[in-house]
Amino acid sequence: MTYFLAVNASGASHAVTITLAMSALLFTIGLVGFLVRRNMILMFLCTEIMFQAAALAFIAFGRMRMDTGGQVFVIFILTIAAAEAALALGLVILLFRRKETLSSEAWSELHE
Amino acid sequence: MPLLPFYIASAVAAVGLLFILRPNKPALRRGGAVVALAGTGLFLSEALRLAGPPTADVPIALLIALVVIGLFAAVRVITHPRPVFAALYFIVTVVASAVIFLLLQAEFIAFALIIVYAGAILITYMFVLMLADQGPRDSIGHIDDDGDYDRVAREPMAAVLVGFILLGTLSAVVERIPNTAVLAQANLDEKVARQQVDALMMMPKHLLNVVKRTDAAAVSVTVPPNTAIQGSIVQTQVTRADGTVVNMAVDTAGKIDNTQMVGLDLVARYPASLELAGIILLMAMFGAVVLARRQIEFGEDEVRDAAGLGRIVLDVPDHERAAPGGRS
């Protein structure tokens with residue numbers, strides 16, 4: 001039985017394996033960053049890291065099956081990332097105007 | 001237990017990341033970086049061990065170097081005390097993954113990624129970072145106590161724990177799924193050849209250009225229905241400039257490059273998704289405009305001035321003009 005991490009038998013190569021591993025690590029770093037960062041802009045930058053990881057996985061799986069569908073999906077990821085950046089930064093600007101700080105802690109009293 | 005090495009590697013990397021997240025302790029951070037690097041190396045080597053003997057189609061050393069550079073830059077994004085530098089490090093991550101895309105034969109996406117991410121999205125982030133005044137001050141101009149929010153991590157322990165669990169789950173799921181979708185090399189070659197033939201048949205002008213490379217006198221080319229397709233070779237009928245029609249075998253291998261293939265896929269296989277992406281972008285633009293709009297109250301006269309209309313002058317009778325509250 002072959003496994004996703006053991007894709008060598010399929011003719012896709014070690015490159016796919018390494019890219020998938022990097023995708024997992026990058027997604028984790030993005031998630032940890034989202035939790036750890038207190039600057040609202042950088043929190044959204046960390047979601048971009050997670051988008052990046054998803055794109056890497058799509059390209060790797062597309063290469064594995066020699067299917068351009070993975071690459072087409074990355075184009076849609078780019079679209080979503082652009083839309084998300086525009087909206088998130090608009091929101092951040094709005095919040096910054098209210099409290100004159102980018103710290104996400106400034107909004108923590110909403111639930112207290 | 002095949003997953004144990006992954007769990008150990010995730011734990012080591014998590015501990016390293018935890019130390020990296022400690023501010024103001026350079027020695028601890030350096031040690032944490034070494035530990036995290038060791039964990040990453042363990043993770044990658046375990047994945048490589050599962051993948052079996054190496055193949056020579058991609059320079060593995062270059063790929064691993066790119067992975068390390070990309071991950072290092074990503075860690076700097078989440079740890080750097082200055083936001084602008086964090087955004088710059090993100091560009092490094094983007095460029096590293098773009099080069100990996102190049103190695104995985106996704107050339108169009110690689111350059112689109114650099115143009116859109118590093119060129120457009122990151123510049124937007126930079127604009128907002130510059131726009132939002134750094135170093136928050138209170139009303140008298142002193143730096144707030146809260147001003148270290150870029151240096152001190154929030155709940156690093158819990159965050160790293162969550163990251164460790166996520167990484168362990170990811171490796172478990174990815175390792176466990178029986179991969180029935182894997183195609184043998186012969187099937188893969190056949191699939192690629194078939195894609196090339198199909199794509200070329202959908203692009204008659206491009207097919208004519210391909211034919212013209214071998215027969216400069218060709219003016220039109222048709223692919224008869226039920227034509228014989230053997231591997232990447234397709235039988236076509238070529239009409240030449242002198243009116244004769246000849247049969248010609250066209251080898252489509254390598255005639256369609258990555259950009260043409262992606263473009264064709266985008267409009268031929270996923271047209272509805274393409275339209276949907278356009279609608280999402282439009283809605284995002286509306287949303288951003290509505291969000292960023294500043295509420296400014298205008299009086300009636302300013303509105304009429306802006307619209308190029310004259311001001312309203314009421315024709316008030318004389319006896320009312322003298323009344324209190326009336327216009328003078």
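Predicted model: local features only at pLDDT ≥ 70, side-chain atom pairs only at ≥ 80, totals over all residues.
## Chain A at a glance

Residues are numbered from 1 along each chain as its sequence is written, while chains are lettered from A and ligands numbered from 1 in the order in which they are written.

The fold of chain A is quick to describe: 3 helices and 0 strands, running α-α-α along the sequence. Helices here are DSSP runs of H or I with at least four residues, strands are E runs of at least two, and both are numbered from the N terminus. Of the chain A contacts with a separation of 6 or more, 49% join residues 24 or more positions apart; a contact means C-beta atoms, placed from the backbone, within 7 Å.

## Where A meets B

The contact between the chains draws on 74 residues from chain A and 92 residues from chain B.

What is the make-up of the side of chain A that touches chain B, by class? It splits into 48 nonpolar, 19 polar and 7 charged residues. For the classes, Ala, Val, Leu, Ile, Met, Phe, Trp, Tyr, Cys and Pro are nonpolar, Asp, Glu, Lys and Arg are charged, and the others, Gly among them, are polar.

α1(A) packs against α2 of chain B (residues 26-50) at about 145 degrees, with axes 9 Å apart. Axes are lines fitted to C-alpha atoms over the stretch in contact, and angles run from 0 to 180 degrees between N-to-C directions.

From α1(A), the contact uses A:His14, A:Thr17, A:Ile18, A:Ala21 and A:Leu25; α2(B) answers with B:Thr40, B:Phe43, B:Leu44, B:Ala47 and B:Leu48. That comes to 7 nonpolar, 3 polar and no charged residues.

## A look at B:Thr79

B:Thr79 sits in helix α3 (residues 60-79) of chain B. B:Thr79 counts as buried because 25 other C-beta atoms lie within 10 Å. Leaving out residues up to four places away in sequence, B:Thr79 touches B:Ile20 and B:Leu21. B:Val250 is 171 residues from B:Thr79 along the chain, and their C-alpha atoms are 56 Å apart.

Conventions
Contact = placed C-beta atoms within 7 Å. Buried ≥ 20, exposed ≤ 12 C-beta atoms within 10 Å, placed from the backbone.
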